[in-house]
Amino acid sequence: MSEIIAENNIVLEAKSLTRRFGGLVAVNNVSFAVQKHEIFGLIGPNGAGKTTLFNLITALIPPSEGKLIYKGTDISQLRPYKIAGLGIARTFQNIRLFGELSALENVIIGGHLHTKSNMIRGVLRLPPAPHEESKSRKKALELLELVGLSDRAEEKAKNFAYGDQRRLEIARALALEPQILLLDEPAAGMNPSEKQYLSEFIHSLRERFNLTIVLIEHHVPLVMGLCDRIAVLDFGQLIALGEPAVVRDDPAVIAAYLGSG
Ligand SMILES: Nc1ncnc2c1ncn2[C@@H]1O[C@H](COP(=O)(O)OP(=O)(O)O)[C@@H](O)[C@H]1O
Ligand SMILES: [Mg+2]
């Protein structure tokens, strides 16, 4: 992939994005642009501000300063369900499934998050409107099949092992039919062979759904092998951005990682 960014190919852009928590600047004047169909890695030591950046993009928290632009439109002030409706879906570092609901129900609800009434139905654990039910159920089963969990569709989410819950979260996010998929540490808690499989799986998702993917990940080989470009955060600041091989050898990046132990 070329380092030159075509202006008309940008789907998501952060412009001088800042988020403060009291005196702490969790995200500090960060700017970057993600291109369509890119797998964009976001790395950095613990506490660097990666998850906060996802929380800003998905409008769980507002920016203190700066803007988020999605396909040319300022989305900085939108509500989370609007962001979801525009096609930006995510998974969570701290898994957020409805533990008492089945895997299938979790995925079905994921698909309904982009309309406000359906979101409320979901939160209240009401079934979807009847005309939508068979369609969304069929789609949810297909997504469970895709992540390898279709034989456990009726099991409660809380009974799934950690790695399986992460895959279930991906299925739930995909139910939204997103254009951008944000994955917050999807390989956390997985063993090496699961990580390798996940890497290939994420790559295949991009092709299958024509996705743009932003990936937060600690496992460096996974990030290096999978991402087209990588942004490195350290203490809230963007300290490097570029192709994996360049970022890996960047003295500022090496110092940030060594400094954090
Ligand atoms: N809601 C919050 N309130 C106060 N501080 C927060 C909040 N969310 C994150 N932080 C702080 O912001 C910094 C960045 O956190 P986070 O974005 O979770 O880092 P990362 O995902 O890179 O490990 C940390 O110091 C964290 O304690
Ligand atoms: Mg995090």
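These questions and answers walk through a predicted model.

Residues are numbered from 1 along each chain as its sequence is written, and chains are lettered from A and ligands numbered from 1 in the order in which they are written. Local features need pLDDT of at least 70, side-chain atom pairs count only at pLDDT 80 or more, totals for chains, interfaces and linings use all residues, and side-chain values use heavy atoms, with hydrogens and water left out.

Reader: Which residues are the protein donors of the magnesium ion (ligand 2)?
Author: Donors are N, O and S atoms within 2.8 Å of the metal (3.2 Å for Na, K and Ca); water is not among the atoms, so sites may look incomplete. Here the donor atoms OG1 and OE1 lie 2.1 Å from the ion. They belong to Thr-51 and Gln-93.

Reader: How many residues apart in sequence are the parts that Thr-51 and Gln-93 tie together?
Author: Helices (H or I, at least four residues) and strands (E, at least two) are DSSP runs, numbered from the N terminus. Thr-51 lies in helix H1 (residues 50-57). Gln-93 lies in the loop between strand E6 (88-90) and helix H3 (103-112), so the parts tied together are apart in sequence by 42 residues.

Reader: Which residue has a side chain joined to that of Lys-156 by a polar contact?
Author: Lys-156 is found in the loop between helix H5 (130-146) and helix H6 (162-174). Beyond its neighbours within four places in sequence, Lys-156 is in contact (heavy atoms within 4.5 Å) with residues including Gly-99 and Ser-102. A polar contact is a pair of N or O atoms within 3.5 Å; within protein, one must be able to donate a hydrogen and the other to accept it, and residues adjacent in sequence count only if both atoms are side-chain atoms. At 2.8 Å, the side-chain partner is Glu-100.

Reader: Which strands stand at the edges of the sheet?
Author: Two strands pair if DSSP finds at least two bridges between them. The open sheet has 6 strands, in the order E6-E7-E8-E3-E9-E10, with mixed pairing. An edge strand has a single partner, so one side is left without a neighbour in the sheet. The edges are E6 and E10.

Reader: How far apart are the end C-alpha atoms of helix H7?
Author: Helix H7 (residues 192-209) has 18 residues. The expected span is 1.5 Å times one less than the number of residues. That gives 26 Å, and the end C-alpha atoms agree, being apart by 26 Å.
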